[in-house]
Amino acid sequence: MKINTKGRFTFPGGTHPPQSKELTSESEIRLGPASTQVAVMLSQHTGAVCQPIVKKAEQVRAGQKIGDSNAFVSAPVHSPINGKVKEIALQSHAVLGRSPAVIIKADSENNPLKQPVFGKFTGDFNEGKYSAEQICTAVREAGIVGMGGAGFPTRVKIEPNPRLPKETLIINGCECEPYITCDYRIMLEWTGQIIAGVKLAKKASGCSKVFIGIEDNKPQAIEVMRKALKETGNDDIKVVAVKTKYPQGGERQLIKAILNKNVPTGGIPPMIGVVALNVATAAAIAEAVVCGQPLTHRVVTVTGEAIANPGNYYTAIGTTIGELIEFCGGITQKAAKVVLGGPMMGIATADLNAPITKTSGAITVLTKEQIGSAKFARRQTACIRCGRCIEVCPENLNPTKIAHAVKNNFLDVAESYYLNACTECGCCSYVCPANIEITGYIKTGKILLARQKKKMPE
Amino acid sequence: MLRNITVSCSPHISERLSTRTVMLDVIIALVPAMIAAGYYFRIRAAILIATCVISAVATEWLCNAIRKKSNSLDDLSAVVTGIILALSIPPALPVWAAVIGSCFAIAIGKMIFGGLGANIFNPAMVGRAFLTACFGMLMTTWTVPATIDSAMPKIAADNKINARTQATPLAWSKQAIKTKTQAKVVNEQIEAAFTGEVGGCLGETSTFALLLGGLYLLIRRTINPHIPLAVLASAFIFAGITYLINPDAYISPLLHLTSGGMLICAFFIATDPVTAPLTAKGMWIFGIGVGTITMLIRIIGEYPGGVMYAVLLMNAVTPLIDRLCKLVPAGGKPNA
């Protein structure tokens with residue numbers, strides 16, 4: 001029987017950028033480069049920065065905790081390799097800013113590449129032997145954070161909170177961002193591990209309903225997940241095919257699509273009884289709880305028209321971007337932009353010494369043709385008030401008004417048009433015929449406003 | 001650090017769309033109306049369209065040169081203004097008047113506010129209003145389409161309507177309102193109004209051509225359906241009520257929609273994004289305003305066609321409408 005994988009659910013607004021996933025969607029997850037040196041950032045998450053708990057010249061093992069914090073909203077970091085701490089120094093990173101990192105020089109011998117653990121998860125996985133508390137502790141100790149991009153400590157999300165009881169667990173397998181395929185490959189290859197992780201997260205959070213949302217441009221992933229759930233008798237976990245539309249993988253948009261509920265502006269999903277986790281996070285939970293292994297490796301999609309051999313790689317967190325790009329055959333002459341993440345929300349960088357972090361799902365190297373000549377030259381013309389940005393805004397904001405208020409330094413006006421409700425998905429800039437960097441202005445406005453309110457240092 | 005690598009804000013890709021493509025779409029959509037104008041008014045159409053476009057473009061160039069601004073001609077918006085102005089003036093208007101109208105439209109209607117995107121009023125309608133104010137006689141002198149046999153008798157002195165050869169359906173409708181008898185005779189014009197074989201402004205006569213262009217814009221999603229629907233629906237309801245009250249005095253609502261500037265307004269003039277509200281709700285208010293004011297002028301006012309003033313009046317309140325129709329975020333207002 002043919003399983004219907006056509007998505008019916010979605011959210012209002014959004015846009016349809018070219019998918020470009022075919023570059024890597026068929027390449028199996030392979031082991032990444034064996035680094036001679038890694039730089040593990042001490043702040044790879046939302047929340048308090050970790051303090052290093054190792055000293056310079058100290059010998060560390062793979063999986064050893066090297067940074068931790070007493071703060072509630074934080075997550076420890078671990079060494080991905082056996083080696084010696086070279087130094088603890090400030091490291092710049094396009095996404096995370098300038099923050100301390102532990103730099104570890106790898107031992108030349110006895111340093112095997114870590115293998116994925118999906119083989120340990122079979123259909124008869126039973127979460128019954130782990131208590132909710134055990135799961136939460138394991139998740140915290142393993143330093144698991146949201147691997148979809150936001151990097152919010154997962155323990156804080158799944159831990160039961162009497163003030164905000166959780167009912168629904170939503171697993172995000174949308175991967176709406178163009179080019180990226182790491183979650184897709186995980187769903188196909190690590191199916192059992194994801195299901196184990198979902199069951200553990202369900203148990204820990206006390207949710208009664210579980211939905212796995214997958215965009216309908218990945219029919220194979222939908223089928224594989226449905227089949228696996230059926231075979232293991234997990235009928236309470238439902239795979240929901242959602243329409244392929246950017247930003248369907250946004251937490252708020254996915255919740256709107258599946259539950260038809262809006263997360264309050266400025267609020268978080270638990271306010272409406274929802275926990276949302278990425279599929280990669282679910283896989284990491286399973287690994288942490290069952291195998292006791294911390295989050296030291298993740299799948300990174302290295303892609304783009306200017307990469308010689310695009311693919312999905314199981315990479316040590318701390319490997320530099322440059323090393324990973326070299327491992328994929330380097331970048332070609334046509335390269336015009338190196339982006340950490342996908343082309344819609346990713347951050348462009350020119351510094352290839354920045355390390356991979358827990359939240360780096362992809363490195364996309366774009367050519368001038370992909371960027372488009374107008375965008376490449378950043379040529380902007382006057383706003384003709386066509387209203388396309390309003391039509392596509394998934395949060396129903398007035399992007400052009402906010403952008404122009406910020407441009408003219410009227411931050412109070414920008415705030416009155418709900419500047420801070422913006423999720424920075426980039427749809428408005430994507431469709432703007434005048435090529436105005438609307439998202440850029442809004443991002444700038446948020447920072448200026450936070451500074452004005454003294455929430456952020458100058 | 002890499003050389004030749006750009007660093008900029010996300011998103012890094014964009015839709016292949018520019019102001020130029022938007023304007024080009026409008027020009028393409030106006031082609032049927034221009035062809036109809038050429039068919040019915042022959043060489044006059046070509047002369048006036050060319051005059052308006054050339055003088056509009058030249059004025060924009062001159063204004064940019066005076067303000068020492070970079071050239072903005074490649075966005076084609078001056079061409080669109082020129083064509084719309086040409087299509088909304090009478091075929092017999094002298095070329096010099098068309099030149100004055102176009103220059104005024106661009107210089108005072110648009111450039112003085114700071115160019116495209118900053119103007120409050122629709123430039124083409126500003127130009128037309130200026131022409132109407134200065135050369136009222138010329139702006140209401142109608143010629144008969146070239147396809148009609150000119151040997152047929154012209155308007156009779158005793159107010160007996162001789163179909164097809166008289167002024168415009170709307171001028172007749174004014175007559176009908178006064179005499180309270182002849183509306184039904186005027187209604188016979190509906191077929192001619194659909195093809196365009198009636199007197200009127202250059203590009204406003206052919207309903208068919210305008211609908212074709214409007215449909216193209218809707219399919220290409222260059223315009224939203226909100227404004228055309230609101231304009232046409234409100235005008236239809238207004239005219240329908242008057243028609244139901246006294247079918248002898250008031251012409252049928254369908255004829256109201258197909259004659260005068262109603263359709264070109266609904267699809268091409270009121271939808272000018274710069275001078276219309278941003279939100280869907282605002283667009284409906286704007287469209288209903290345009291439709292209702294047009295019908296008020298047509299039925300109660302002295303002037304036969306009211307589209308121009310309706311659009312200009314609603315343009316003036318657009319900032320207010322935008323302020324009233326503020327969007328609420330999907331997640332509701334934040335608890336401050």
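Visitor: Which residues of H10(B) are buried?

Guide: In H10(B), the buried residues are B:Thr207, B:Ala209, B:Leu210, B:Gly213, B:Gly214 and B:Leu217. Buried means that 20 or more other C-beta atoms, placed from the backbone, lie within 10 Å of a residue's own. Because these residues cover an arc of only 165° around the axis, they lie on the same side of H10(B); the arc is that of the directions from the helix axis to the C-beta atoms. This is a predicted model, where local features need pLDDT of at least 70, side-chain atom pairs count only at pLDDT 80 or more, and totals for chains, interfaces and linings use all residues. Residues are numbered from 1 along each chain as its sequence is written, while chains are lettered from A and ligands numbered from 1 in the order in which they are written.

Visitor: What covers the buried residues of H10(B)?

Guide: The cover includes H1, H9 (190-195), H11 (226-245), H12 (253-258) and H13 (262-269) of chain B. Helices (H or I, at least four residues) and strands (E, at least two) are DSSP runs, numbered from the N terminus. Just after H10(B) comes B:Arg221, with a positive phi of about 60°.

Visitor: Which residues touch the most other members of the largest nonpolar core?

Guide: In general, nonpolar side chains tend to be buried together in soluble globular proteins. Here the largest nonpolar core has 242 residues, and B:Ile83 and B:Cys265 touch the most other members. Such a core is a set of buried Ala, Val, Leu, Ile, Met, Phe, Trp, Tyr and Cys residues joined through C-beta atoms within 7 Å. Helix H1 (residues 19-41) of chain B gives the most to this core, with eleven residues.

Visitor: How do I read the sheet in chain A, and what is its strand order?

Guide: Strands of a sheet pair through backbone hydrogen bonds, either parallel or antiparallel. This open sheet of four strands has the order S2-S8-S7-S4 (chain A), with antiparallel pairing. Strands S2 (37-41) and S4 (59-60) of chain A stand at the edges with a single partner strand each, so one side of each is left without a neighbour in the sheet. Two strands pair if DSSP finds at least two bridges between them.

Visitor: How many bridges join S7 and S8 of chain A?

Guide: Ten bridges join strand S7 (residues 83-93) to strand S8 (residues 97-106) of chain A. S7(A) and S8(A) form a hairpin with three residues between them. Opposite A:Ile88 stands A:Val102 in S8(A), and A:Leu90 has A:Pro100 as its bridge partner.

Notes
A residue is buried if 20 or more other C-beta atoms lie within 10 Å of its own, exposed if 12 or fewer, and partly exposed in between; C-beta atoms are placed from the backbone. Two residues are in contact if their C-beta atoms, placed from the backbone, lie within 7 Å.
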